[in-house]
Amino acid sequence: MTCIRCQHHSCKKFGYFGKRRIQRWRCTSCQSTFCEPHDRLTRDTMLAKPDVAARAIQCLLEGCSIRSTERLTGLNRNTIMRLLLLAGQRSEKVMHEKMRQLPCRRIQCDEIWGFLMKKQKQVRKDDPADFGDQWIFVALDAETKLIPSYLVGKRSSANTQAFMLDLYHRLGDHRVQLTTDAYIFYRKAVEESFAGDADFAQLTKLYGDYGQFGNERYSPGTITEVISKVRSGNPDPKHISTSFVERQNLTLRMQLRRFTRLTNAYSKKLSHLKAAAALHFAYYNFCRVHASLRVTPAMEAGIADHIWRLEELVAVPEPQTRLLA
Ligand SMILES: [Zn+2]
């Protein structure tokens with residue numbers, strides 16, 4: 001080791017610096033001490049060894065809570081939260097860049113209910129605006145099982161319109177068939193985004209609540225009646241359905257801990273909820289082999305040529321290369 005001050009060549013080891021145990025040296029000639037060259041920590045640094053970081057993210061993707069991930073990986077919960085945010089940002093970027101000119105032809109839309117901090121009936125007037133009900137709007141292609149677009153937010157006309165417009169811009173120039181549930185704002189949103197360029201039908205399912213009105217109900221009510229209404233164009237009656245997207249919603253509820261109902265799991269920060277949703281959908285599209293397709297939805301839709309590994313998606317550096325990227 002060469003001294004950084006006097007360029008003298010005889011230096012002796014002088015302990016370690018920090019948790020990463022970076023070697024320190026002392027010059028025998030001028031007595032100055034210094035660290036070995038090392039990577040600096042930045043906001044984007046994964047604060048864990050790459051393999052442990054990947055394992056933590058995998059845990060979160062398989063429905064572990066933050067605390068159980070803490071116990072399984074030995075990482076601190078604050079580190080896990082930061083990993084989730086980073087992974088979420090990168091997933092969001094991947095989704096945004098890859099979901100372009102999609103060949104999807106039969107889109108089903110639905111919303112999944114969740115809440116931030118507290119359920120809507122507990123929200124007080126002086127609480128922050130995003131407390132209470134939060135919804136994830138999801139669009140799914142029935143053929144490729146791809147999720148071209150999603151949106152996290154309150155169930156409002158503005159959000160429904162933003163969601164539909166985003167979906168519209170991600171699809172190719174062909175005509176699509178669209179099925180949504182009977183939620184009132186879809187009609188206007190579809191009209192404004194697709195401008196009659198879609199065969200659009202709405203399904204009214206008459207059944208109980210989602211559990212958001214209290215804890216008396218432990219299962220969703222049985223569907224008593226399904227009414228379909230054609231809103232524009234000429235949709236094929238065979239494909240007026242929201243079954244696939246509803247199945248996806250079950251997957252999400254099983255795999256995002258914060259969406260398991262009737263437990264004490266819930267979100268405390270909108271940013272983390274959004275990150276968890278982005279990670280879930282990107283992982284679903286690019287990494288997870290769909291049981292009936294035998295490839296990933298992204299491969300089926302022709303926007304990926306292989307099954308992505310989690311490390312590729314969230315850009316966790318390869319194990320064994322460097323301790324910190
Ligand atoms: Zn020196």
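Predicted model: local features only at pLDDT ≥ 70, side-chain atom pairs only at ≥ 80, totals over all residues.
Student: What makes Cys30 partly exposed?

Tutor: Run the check again: Cys30 has a relative accessible area of 28%. That value also sits between the 20% and 50% cut-offs, so Cys30 is partly exposed.

Student: How do you know which residues hold the zinc ion?

Tutor: Look for donor atoms within 2.8 Å of the metal. The SG atoms of Cys3, Cys6, Cys27 and Cys30 sit at 2.3 to 2.4 Å, so they count as donors.

Student: Why is the site of the zinc ion called tetrahedral?

Tutor: For four donors, all angles must lie between 85 and 135 degrees. Here they run from 106 to 117°, so the site passes as tetrahedral. For reference, the ideal tetrahedral angle is 109.5 degrees.

Student: And what does the pair Cys6 and Cys30 tie together?

Tutor: Cys6 lies in the segment before strand 1 (11–17), while Cys30 is in the loop between strand 2 (22–27) and strand 3 (33–35), so the pair links parts that are 24 residues apart in sequence.

Student: Over to strand 6. What makes strand 6 mostly covered?

Tutor: Five of its five residues, 149–153, are buried. Ser149, Leu151 and Gly153 point one way, Tyr150 and Val152 the other, and all are buried.

Student: How do you know that strand 5 and strand 6 pair?

Tutor: Pairing needs at least two bridges. These strands have five, in the antiparallel sense, so they count as paired.

Conventions. Residues numbered from 1 in each chain as written. Heavy atoms only, no water. Donors = N, O, S within 2.8 Å, 3.2 Å for Na, K, Ca; no water. Tetrahedral: all angles 85-135°; square planar, octahedral: opposite > 155°, others 65-115°. Helix = DSSP H or I, 4+ residues; strand = E, 2+ residues; numbered from the N terminus. Buried < 20%, exposed > 50% of the residue type's maximum accessible area, 1.4 Å probe, protein only.
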